[in-house]
Amino acid sequence: MNYDAVLWLSFGGPEGPDDVMPFLENVTRGRGVPPDRLAEVAEHYQHFGGVSPINRLNREAIAAVERELAAQGLDLPVYFGNRNWHPLVEDTVRRMAEDGVQRALVFSTSAYGGYSACRQYDEDILRARAAVGQKAPQLVKLRQFFDHPLFVESVADAVRAAYEQVGDPGARLVFTAHSVPTAADAASGPPEEGGHRYSRQVVEAARLVAERVGADAHDVVWQSRSGPPQVPWLEPDIVDHIEALHGDGVSAVVCCPIGFVSDHLEVIWDLDNEAADKAAELGMRFARSATPNSDPRFARLVVELIREQTGGAPVRKLSTLVSGGDTANGAPCATRCCEPARRPATAVDQKE
């Protein structure tokens, strides 16, 4: 099947102090999150001048993909749209229609399954097409890529660099991903698969990377939870885990944010500030590995996913776990797949 464009679909983030509260209000619309909780989260952004790096990083990654497409002789313009901040996906799809795009592939900036990591992007596609109407292009979302060789190899090389930085070959390797409510994780994937697609894919990606770097042992932990304490979320939290490792006599940690593709605000706040500060407080050496979107292999990965869809490249996977995707016009990848759990009213999901 022929396609005439690519839509790069992401979460979005503020690009100035005046953007922060409107952005957070977009993220939490309809959830009844109290203003004091929004103000608390806003402080994280204001710590960095009210700017999340995510839009800049996405634009840099798009430029790299455009260069790779050109190098491979693929004439596909790349459009950029976000869920929660400008450029909003509705506006982008409208511009695509005005430009005459009829059929486009969608790359969403998450490697994993689950509601927030996958199905919510299907909902973004549906909403954008509905806003544009009959002239909206057909949109087909590319598959999850948590076990693609180029993803695993780039993350593994970043972990090796972090080991050199920390200066201790025996440092404990700790992988992190965004926590979600345990009910949402249980509902990820179709019921016949047994649920927990999100956490199982994260664990599998961590195993693949740890295997490649030759780590004797590794842990998978979580970060960035935002819900009330009475609602169970995936645990342990990275900061709590660092304290536990210190209690076990561990003196150095290499932290790999395997759940994220770019160094956006949650990575630089939760890991480079909170986790690193906790390690320093405990006298532990700490290094955090880079995320993959600045690696040239990430652009090659995106183009390879595009070529998979157009019949120009074989599907490459390092795992037998299911990779959802190839969903047209916002349809979920399987019946009852990743159905949204009821969200607690005080949660602020900052999953960039």
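A crossing of two helices is called right-handed if the near helix is turned clockwise from the far one by less than a right angle, and left-handed if anticlockwise. In this predicted model, local features need pLDDT of at least 70, side-chain atom pairs count only at pLDDT 80 or more, and totals for chains, interfaces and linings use all residues. Residues are numbered from 1 along each chain as its sequence is written, and side-chain values use heavy atoms, without hydrogens and water. Helices are DSSP runs (H or I, at least four residues), numbered from the N terminus.

**Helices α3 and α11**

- α3 passes α11 in a right-handed crossing.
- Helix α3 spans residues 54-71 and helix α11 residues 296-310; they pack at about 55 degrees, with axes 8 Å apart (axes are lines fitted to C-alpha atoms over the stretch in contact, and angles run from 0 to 180 degrees between N-to-C directions).
- Because of this angle, α3 is oblique to α11 (under 35 degrees is roughly parallel, over 145 roughly antiparallel, 65 to 115 roughly perpendicular, and the rest oblique).
- A64, V65, E68 and L69 of α3 make the contact with A299, R300, V302, V303 and I306 of α11 (heavy atoms within 4.5 Å).
- The residues of this contact comprise seven nonpolar, no polar and two charged (Ala, Val, Leu, Ile, Met, Phe, Trp, Tyr, Cys and Pro are nonpolar; Asp, Glu, Lys and Arg charged; the others, Gly among them, polar).

**Helices α6 and α8**

- Helix α6 (residues 149-166) packs against helix α8 (residues 197-213) at about 55 degrees, with their axes 9 Å apart.
- α6 is therefore oblique to α8, and their crossing is right-handed.
- From α6, V152, V155, A156, V159 and R160 meet L208, V209, R212 and V213 of α8.
- Seven nonpolar, no polar and two charged residues form the contact of α6 with α8.

Technical notes. Helices (H or I, at least four residues) and strands (E, at least two) are DSSP runs, numbered from the N terminus.
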